[in-house]
Amino acid sequence: MNDGAGVAAVAREFEISGSFVDAKPYGSGHINDTYRAVFDDGGVEKHAILQRINHNVFKNPVILMENVERVTAHLALQVAGEPDPCRRVLRLIPARDGRNWHVDAEQNYWRAYHFIEDARTYDAALSPEQAYQAARAFGKFQQQLASLPAPRLHDTIPDFHNTPKRFTALERAIEADVAGRAKLAMAEIDFALAHQSMAGVLLDAKLPERVTHNDTKFNNVMLDDASGEGICVIDLDTVMPGLALYDFGDMVRTTTSPTKEDEQDLSKIAMQFPMFEALVRGYISTAGDFLTGREKQFLAFSGKLITFEIGLRFLTDYLSGDTYFRVHREGHNLDRCRTQFKLVQSIEQQEEKMNRLVESA
Ligand code: ADP
Ligand code: GN1
Ligand code: MG
């Protein structure tokens, strides 16, 4: 559907100077379609990010874009005094009609961002220093958005991190077994059912609502090529009211194990303690001032819970015939579920030690 010609036509709808050269799929996200577009501006090569918003997942792209507009404008004010401010926040490129998005003939919603040069994302963390930088950046992001003026942001996906509801969705998928795959996932189904009791813990803990990112995968923060600093938090579709621990938990999920999320060799999956230690240090360095003692108590647990929750979601999608997450091979969502559940086990084995570290941080 989004062939080269289609993307070229979309690119021309945005206020980007120069002539369009090409656009290639970019990044490894599971939901939206992201392209890196190249333009020739009087002999100078320029880049932009073009994204088609997945409206099966984000039912209301207009309220989503309202959130993104408010969040990026607020962040821009916060970074104004810092060096190189333009690379520290996503900047929307307006469409030619003045709005910050474009709707194509097939009712797809598109947006464009200025390209952040000389920085990149990684699908897995290469060192504790990278983990530290990512956690510092996500903590700073939460701290900067603590002063976002009212009104409350829209919930772009209601109950996004409601683990008990995710659990119920899995139970329904097991029952329906529409793709006839339950027999291929018995061990994973058993694991999920045996861990049900942890699902409601964070919701029951009466923790403060904050503005959170909600998708703090390690590859949603850009690290500066020269300094290694976590320079810009990206992928803002799920920024909405949430718990700070959803964000910390997803950092643990995506940063502490040495492989990508879809690794098939499960012997490689483990929670590496030095990575966790770096995450705690990085996160506390920027979020420490506003986090309550009670939130801190759940830092290690949140890693286990969010890893479990995303595992539930991968398993649910596998059983439902892969309708939500983009897949690239047979059994892809089952592979992803397996890495999550293996990591949950690894966290369980080290949880006491992780809690001791948090207490002393
Ligand atoms: P997805 O929903 O597909 O994960 P992202 O917004 O995370 O979408 O973008 C996908 C990838 O594109 C990112 O991992 C990052 O490498 C790159 N990217 C996104 N925004 C920018 C930007 N403004 N400048 C440079 N690269 C970007
Ligand atoms: C999706 O869009 P992407 O790839 O950053 C998903 C997250 C999951 C993640 C698992 C809107 O994130 O919630 O944690 O995949 N995003 C949405 O890799 O569902
Ligand atoms: Mg992303």
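Me: Is Asp118 buried or exposed?
Reply: This is a predicted model: local features need pLDDT of at least 70, side-chain atom pairs count only at pLDDT 80 or more, and totals for chains, interfaces and linings use all residues. Residues are numbered from 1 along each chain as written, chains are lettered from A and ligands numbered from 1 in written order, and side-chain values use heavy atoms, without hydrogens and water. Buried means under 20% relative accessible area, exposed over 50%, partly exposed in between (1.4 Å probe, protein chains only). Asp118 has 54%, so it is exposed.

Me: Where is Asp118 found?
Reply: Helices (H or I, at least four residues) and strands (E, at least two) are DSSP runs, numbered from the N terminus. Asp118 sits in the loop between strand E6 (109-114) and strand E7 (119-120).

Me: Which residues coordinate the magnesium ion (ligand 3)?
Reply: Donors are N, O and S atoms within 2.8 Å of the metal (3.2 Å for Na, K and Ca); water is not among the atoms, so sites may look incomplete. At 2.2 Å, the ion is coordinated by Asn220 (OD1) and Asp235 (OD).

Me: How many residues apart are Asn220 and Asp235?
Reply: Asn220 is in the loop between strand E8 (210-212) and strand E9 (221-224). Asp235 is in the loop between strand E10 (230-233) and strand E11 (240-242). The pair links distant parts of the chain, with a separation of 15 residues.

Me: Is Asn220 buried or exposed?
Reply: Asp235 is partly exposed at 27%. Asn220 has a relative accessible area of 5%, so it is buried.

Me: Which peptide bond is cis, with omega near 5°?
Reply: Pro151 lies in the loop between helix H3 (128-145) and helix H4 (163-176). The cis bond runs from Ala150 to Pro151.
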